[in-house]
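Please read it alongside the sequence and the model shown here.

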Amino acid sequence: MANLNIKPLGYALGAEVSGFDARKPVPPALREELLHAWYQYQVLVFPAQPLSMTEQIAFSRNFGDVDRNDMAPRYRDPDHHEIVYITNKTLGPNMMSAKRVGRKWHADATFALRPQKGALLRCVEKPPVGGDTMWANMYLAYETLSPAMRAFLDPLECVHDVSLLPGAQESNGNSAEHIAEFRRINPPVIHPLIPVIPETGRKTLFLGWVREILGLSLEESAAIIAFLDQHAGSPEFVFRHRWSVDDIVLWDNRCTRHIALPDYDHSKTRHMLRTTLLGEQPGRLAEGRGSLGNRETLLEAVQAVS
Ligand code: SIN
């Protein structure tokens, strides 16, 4: 049995886990300990785990069903569909650029019908300084709202739209054909704003690629989303990780948000490989709410309140 060492890293979230080799099969008791720590700390850092792609996929399976990324086929490795590139390297002509992935606070792939439960990101190559990632605890973001605001938000549902991703916008250097395909695969979907996470029984603020809140006018939606976005980014909810090569970070995508900081020399390589875990709670299609039709109006609404 491994000699597991779990050390909290941040006040709001985050812990480092050492004392085992992620290349080896994880026995059931150790897996239980890891899952327990994951639900407790939301973000786990596993230092010095030099995994191959196949080993990363196998290790990821300890935390849930590994996604094959059919909703983002041009970001995944052609031979290992479970692996997504998060890299500033130029990828092949059939791939979409991952150079600007993650530069805004977000939860991954909330535009998918079945949003992801979590993800594991492995650092393969990094710039000498910077290129950090920050995660924020969305349980705390919810719990620190006033009781009246929580009661207002609890029953609400949101439309999530892939068009809001920087990578799905023309200005980002991806071809119109690839962007159209990405939007076609991912029509707008509806998810609760305040889901309950089954393993902890806690309510959380689920902000991802939210376009509008159902039942509110676009102006009201934009104002509430802007407020929640600002509140959820408060520094006291945040843990910041400075990467070392062969770190793996596992996060719960349902109750955290993250941001990849562009605070590094972009002539240097930052190359990360991500596996993602399928979530259990499917949303529903936002029938009749086209992906771009409302976008111009929404941007006008956002401008009106900002
Ligand atoms: C992501 O948004 O999943 C990637 C985060 C990072 O590159 O640090």
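In helix 1, the buried residues are L30, L34, L35, A37, W38, Y39 and Y41. The model is predicted.

- Helix 1 runs over residues 28-41, 14 residues in total, and spans 20 Å from its first C-alpha to its last, close to the 20 Å expected at 1.5 Å a residue.
- The cover over its buried residues includes strand 1 (5-8), strand 2 (15-18), strand 3, strand 5, strand 13 and strand 15 (271-278).

**Nonpolar cores**

- The largest nonpolar core is made of 30 residues, and F111, W135 and F182 have the most contacts inside it.
- At least two residues of this core come from each of strand 3 (43-46), strand 4 (84-87), strand 5 (116-125), helix 5 (176-185) and strand 13 (248-252).
- Strand 5 contributes the most, with three residues.
- Leaving aside neighbours within four places in sequence, F182 contacts M71, A72, Y75, M96, F111, V162, L165 and A168.
- A second, separate core has 25 residues, among them W105, I213, A232 and F237.

**Cysteines**

- The structure contains zero disulfides.
- C158 is in no disulfide, and the nearest cysteine sulfur, that of C255, lies 17 Å away.
- C158 counts as buried because its relative accessibility is 0%, under the 20% cut-off.
- C123 is likewise buried, with a relative accessible area of 0%.

Methods:
Residues numbered from 1 in each chain as written. Predicted model: local features only at pLDDT ≥ 70, side-chain atom pairs only at ≥ 80, totals over all residues. Heavy atoms only, no water. Core = buried A, V, L, I, M, F, W, Y, C linked by side-chain atoms within 4.5 Å. Buried < 20%, exposed > 50% of the residue type's maximum accessible area, 1.4 Å probe, protein only. Helix = DSSP H or I, 4+ residues; strand = E, 2+ residues; numbered from the N terminus. Contact = heavy atoms within 4.5 Å. Expected span 1.5 Å × (residues − 1). Disulfide = S-S within 2.5 Å.
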